[in-house]
Amino acid sequence: MTADLARPALPLRPELAGLEPYGAPQLDVPILLNVNENPYAPSEEVVADVARAVADAARGLNRYPDRDFDALRADLADYLAVESGVRVDPGQVWAANGSNEIMLHVLQAFGGPGRTALSFAPTYSMYPEYARDTSTAWVTGRREEDFGLDPDVARATIAEHAPSVVLLASPNNPTGTALPASTVLAVLDAAAQVPGGCVVVVDEAYGEFRRRGTPSALELLDDHPHLAVSRTMSKAFGLAGARVGYLAASTAFVDALRVVRLPYHLSAVTQAVARAALAHAPSLMAQVGALRDERDALVVWLRERGLRVADSDANFVLFGTFDDRRAVWQGLLDRGVLIREVGPQGWLRVSVGTPQETAAFKDALTQVVGLVPAGSEEER
């Protein structure tokens, strides 16, 4: 008998037995368009300012960081006022190691045994894992064929399940679709009727990429104390490696998250990096505009070739449908282009890259599925 067999089994929670850790494929290929990263690295000016800020922080690393990171919260509030036109008090802002930890804080504070979290599928695949990790029951309603959300369906689903937490991704991952304010208001109204109370989190991780005229749920905060709106610096700011997420909500909501956070959860280095990047928000947002244009052009290109494409307010595009999407995914990978096999059956998701990366994706997809432009001689 081997030493491993002789040892007693670890007392793993039963619901975790046999599960694999979350994660997208990490493969070494030339074109990486699978995890919705910003394809543009920080400019040398940003790098220099971040380096100076980190050096300053390093001189005090023998001390614990500001556990309430007041300066960062003030900078984030200023940024949101410019980006969305909504002014919140710094005390209404909370930050953590990526929006993933933000969501975990929400489920730790408002979920738990005997409580339910609810969303509408298809949506972000980590949501049920946050629920699982906090022993919160998880249920989903359904989105429509176009991946929108029928307000009446939303109201009925919330009334049926009486959740403590509703998670709404807008723009939604993996579909890219954003919710109109009227739908969010319908969800907020239904949540307000839940006995015992219910909080609603609108996850705007891709909010900066929304199309002109698409509102932010931040505009609804003043009238809805059970609403929180989460954001991240991973996408628009190109800081996926820094791990900074945040939300805006009422001060009472934020105070509840302060109860469950780990001590000093946001390092001095992380705070320094985030503040340095926020000082460059105008130039970084110019890159966001270029990515929006690249996304819109990609949507047109795919539709002209007869493919179905979900409307996107994010920095990615969901397209299909394919009888064997795995074969298409593999064909692209064989040509050095990695995208994501995710979402409803038959669909694939591609992140918006640089013009050169997008061109490589188009060439590879054309080779794999034999696409021809709508109205071309081959189709006649």
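Phenylalanine 147 lies in the loop between strand 4 and helix 6 (151-161). Helices (H or I, at least four residues) and strands (E, at least two) are DSSP runs, numbered from the N terminus. Phenylalanine 147 is buried, at a relative accessible area of 6%; buried means under 20%, exposed over 50% and partly exposed in between (1.4 Å probe, protein chains only). Its phi is near 75 degrees, a positive value in a residue other than glycine.

This is a predicted model, in which local features need pLDDT of at least 70 and side-chain atom pairs count only at pLDDT 80 or more, while totals for chains, interfaces and linings use all residues. Residues are numbered from 1 along each chain as its sequence is written, and side-chain values use heavy atoms, with hydrogens and water left out.

**Other backbone points in loops**
- Serine 135 also has positive phi, near 55 degrees. It sits in the loop between helix 5 (127-133) and strand 4 (137-142). Serine 135 is partly exposed, at 37% relative accessibility.
- The peptide bond from asparagine 173 to proline 174 is cis, with omega near 25 degrees. Proline 174 is in the loop between strand 5 (165-169) and helix 7 (181-192).
- A cis bond also runs from glycine 320 to threonine 321, with omega near -10 degrees. Threonine 321 belongs to the loop between strand 10 and helix 11 (325-334).

**Helix 10**
- Helix 10 (residues 281-304) has 24 residues.
- Glycine 306 follows helix 10, with positive phi near 85 degrees.

**Helix 10 against helix 12**
- The two axes (lines fitted to C-alpha atoms over the stretch in contact) come within 11 Å and cross at roughly 15 degrees.
- Helix 10 and helix 12 are therefore roughly parallel, a label for angles under 35 degrees.
- Helix 10 contributes Glu294, Leu298, Trp301 and Leu302 to the contact (heavy atoms within 4.5 Å). Partners in helix 12 include Phe361 and Leu365.

**Nonpolar cores**
- The largest core has 78 residues. A core is a set of buried Ala, Val, Leu, Ile, Met, Phe, Trp, Tyr and Cys residues joined through side-chain atoms within 4.5 Å.
- Helix 9 gives the most to this core, with six residues.
- A second, separate core of 25 residues includes Val29, Val317, Trp329 and Leu333.

Definitions and conventions. Expected span 1.5 Å × (residues − 1). Axes fitted to C-alpha atoms, helices over the stretch in contact; angles between N-to-C directions. Parallel < 35°, antiparallel > 145°, perpendicular 65-115°, else oblique.
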